[in-house]
Amino acid sequence: MTTLRLATAPVSWGIWEQTIDRDDLVPPRPLLETVTAMGYRALETGPPGYLAADGAAAVELIEPFGVELVATFLPLHLDDEDAFRQDLDALERTTEVLAATGGGIVLLADAERPERAAISGQPELMAEQALSPEQFDRAADRLERAAAQCGERGLRAALHPHAATYIESEAETEAILERLSPEVGLCIDTGHTVVGGGDPVELARRHSSRLVHLHLKDVDARVLSRLRAGEIDMNEAWAEGIFCPFGEGVVPLQDFLAQPVVRDLDGYAVLEQDRMAVRVEDLPAVREVEERNLRRVQEWLA
């Protein structure tokens with residue numbers, strides 16, 4: 001029987017870095033009411049400050065719902081020292097919440113850039129405009145510094161390769177991983193891996209010893225084709241719904257979940273279908289899709 005546990009994330013409910021400034025976001029309590037009614041007992045925190053301003057407020061918020069906060073995601077400017085130092089302040093805020101509520105995994109990604117969004121999903125162009133070996137060295141050093149900051153709170157950090165960043169493609173993922181200490185784990189996001197031209201099954205097999213956390217996504221073939229052709233950029237792809245309902249896209253989710261390294265992971269698989277705009281009145285419709293996603297994952301794991 002699988003040891004893998006399932007969780008949800010605010011991004012599936014329209015709450016993430018690209019939407020956090022909206023004034024019509026679903027508030028934390030309705031979100032918690034919805035996901036716990038679905039049977040979830042674990043979720044990620046969302047962007048810094050979304051669930052709660054600090055650890056004490058987060059503990060007070062989640063206690064009545066009986067949920068666990070299992071991870072937090074934070075993008076870092078890995079090619080810019082001044083911006084990176086500012087990112088560490090946000091890291092301090094979000095790790096304080098995670099540590100106060102029991103601990104979890106800190107997922108670190110490179111920050112999205114307009115110039116990378118323009119060529120996301122196009123491995124040849126990404127290779128032409130990749131970081132230099134020296135830039136990868138500096139990026140790895142910054143990731144190690146961020147991971148050490150997480151470690152000061154007793155939290156483990158993991159790399160999250162991500163679309164529209166300088167760590168998206170398979171080659172970029174390998175280049176940074178070979179420079180990182182084994183203490184920095186790996187979060188495989190099946191959707192971002194496929195968008196970047198990689199294979200999540202092979203990535204999991206190749207880095208089984210580093211794998212600590214999973215993001216499950218599916219990818220719409222039509223939107224991906226437009227992205228690869230350069231007809232749209234990644235920001236437009238998000239708006240067009242590149243991450244689609246599970247089982248309707250091109251990601252080999254069933255095969256991925258059948259891998260022993262995945263099924264036997266002592267950790268969480270977080271179901272994510274990124275959405276750009278969800279209001280409180282949209283919750284019933286989103287919940288219907290998310291319940292289908294959850295049933296499919298449960299069936300595949302069974």
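In the predicted model, Glu172 is part of helix H7, which spans residues 170–177. The relative accessibility of Glu172 is 3%, and this residue is therefore classed as buried, the cut-off being under 20%. When neighbours within four places in sequence are set aside, the contacts of Glu172 are Arg116, Met126, Ala130, Phe136, Thr165, Tyr166 and Ile167.

One of these contacts, Phe136, falls within the range of helix H6, residues 133–151. Helix H6 packs with helix H3 (residues 81–100), the axes being 10 Å apart and at an angle of about 25°. Angles under 35 degrees count as roughly parallel, and H3 and H6 are therefore assigned to that class. Their crossing is right-handed. On the H3 side, the contact is formed by Glu81, Phe84, Arg85, Leu88, Leu91, Glu92 and Thr95; on the H6 side, by Arg142, Arg145, Ala146, Gln149 and Cys150. Classified by residue type, the contact of H3 with H6 comprises five nonpolar, five charged and two polar residues.

The protein as a whole contains 14 helices and ten strands. Its radius of gyration is 18 Å, close to the 19 Å given by the globule rule for 302 residues, so the protein is as compact as a globular protein of that length. Along the principal axes, the C-alpha atoms fill a box of roughly 50 × 40 × 40 Å. Of the 302 residues, 57% are buried, Glu172 being one of the residues in this class. Among contacts with a separation of 6 or more, 83% are between residues 24 or more positions apart.

Terms used. Residues numbered from 1 in each chain as written. Predicted model: local features only at pLDDT ≥ 70, side-chain atom pairs only at ≥ 80, totals over all residues. Heavy atoms only, no water. Axes fitted to C-alpha atoms, helices over the stretch in contact; angles between N-to-C directions. Helix = DSSP H or I, 4+ residues; strand = E, 2+ residues; numbered from the N terminus. Parallel < 35°, antiparallel > 145°, perpendicular 65-115°, else oblique. Left-handed = near helix turned anticlockwise from the far one by under 90°. Contact = heavy atoms within 4.5 Å. Nonpolar A, V, L, I, M, F, W, Y, C, P; charged D, E, K, R; others polar. Buried < 20%, exposed > 50% of the residue type's maximum accessible area, 1.4 Å probe, protein only. Rg over C-alpha atoms; globule rule 2.2 N^0.38 Å.
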